[in-house]
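Reader: I am new to reading protein structures. Could you walk me through one?

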Amino acid sequence: MTYTKPRFLSFEEYLSYDDGTENLYELFNGELIEVPPESGENVQIANRLFLFFALLLGTDRVRGHGLELEVRGEPRNRYPDLTIIQPEHVQLLKSRNTIRFNMVPPLLVVEVVSPGELQRDRDYIAKRMQYQDRGIPEYWIIDPQQETILVLELTNAVYTEVHTFQGNELMRSPQLGELTITAAEIIAAS
């Protein structure tokens, strides 16, 4: 039996595809690239932040790694480690957990950097450009290796660095204000 990898001419065609699995895929040049599982450390960090934001905003407004975000460029979609969605997204995402271009952008996306230069470049450069282009008001890059959290705010369609948080500094969000959690508590730096 020969297996042929599917090719997709449009994002809509990709959205209608179902391979019968729970696998997550990025659409890259018309081909599916399976998203590898996250590291245990990245999952722990995202879970801490999920719990914090769920208690602050309610569970309906916070989405984990399974939320898909349509973006321009390649790949055509991303799966942020954590996303704070807008109130109107709650109903729109009931049938499929994908934020399309015809929807307002989410309020905040968070990426946890995995070890390795390729992963660093992806979060600090490629995703930053795609999220900026998508008009997402706030982007956090959590870097466990550096024990820092870089907070970026969209100003005049360009991300500007608000602050790099570390240690016992209380986090501050341009969209949500002062928070009652420190960078160290999110990263769980010893």
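This is a predicted model: local features need pLDDT of at least 70, side-chain atom pairs count only at pLDDT 80 or more; totals for chains, interfaces and linings use all residues.

Reader: How many helices and strands are in the chain?

Author: The chain holds 5 helices and 13 strands.

Reader: What does the radius of gyration of the chain agree with?

Author: Compare it with the value for a compact globule. For 190 residues that value would be near 16 Å, and the chain has 17 Å, so the two agree. Along its principal axes, the C-alpha trace extends about 55 × 35 × 30 Å.

Reader: What share of the residues is buried?

Author: Buried means under 20% relative accessible area. By that cut-off, 44% of the 190 residues are buried. The accessible surface comes to about 9900 Å², and carbon and sulfur atoms account for 52% of it.

Reader: Which contacts join residues at least 24 apart in sequence?

Author: Take the contacts between residues at least 6 apart in sequence. Of these, 52% join residues at least 24 apart.

Reader: How far apart are the mean positions of the positive and negative charges?

Author: The chain has 17 positive and 29 negative charges. Their mean positions lie 4 Å apart.

Reader: Which strands pair with E8?

Author: Look for bridges and for direction. Strand E6, residues 82-84, pairs with E8 in the antiparallel sense over 3 bridges. Strand E9, residues 138-143, runs parallel to E8, and 5 bridges join them.

Reader: Now a single residue. Where does Gly177 lie?

Author: Gly177 lies in strand E13, which covers residues 177-182. Its relative accessible area is 28%, so Gly177 is partly exposed.

Reader: Which residues does Gly177 contact?

Author: Leave aside its neighbours within four places in sequence. Gly177 is then in contact with Met171 and Arg172. Arg76 gives another reference point. Arg76 and Gly177 are 101 residues apart along the chain, and their C-alpha atoms are separated by 31 Å.

Notes:
Residues are numbered from 1 along each chain as its sequence is written. Side-chain values use heavy atoms; hydrogens and water are left out. Helices (H or I, at least four residues) and strands (E, at least two) are DSSP runs, numbered from the N terminus. The radius of gyration is taken over C-alpha atoms; the globule rule is 2.2 Å times the number of residues to the power 0.38. Buried means under 20% relative accessible area, exposed over 50%, partly exposed in between (1.4 Å probe, protein chains only). Contact means heavy atoms within 4.5 Å. Accessible areas come from the Shrake-Rupley method with a 1.4 Å probe; for residues, only the protein chains shown count as cover. Lys and Arg count as positive and Asp and Glu as negative; His and the chain ends are not counted. The place of a charge is taken as NZ of Lys, CZ of Arg, CG of Asp or CD of Glu. Two strands pair if DSSP finds at least two bridges between them.
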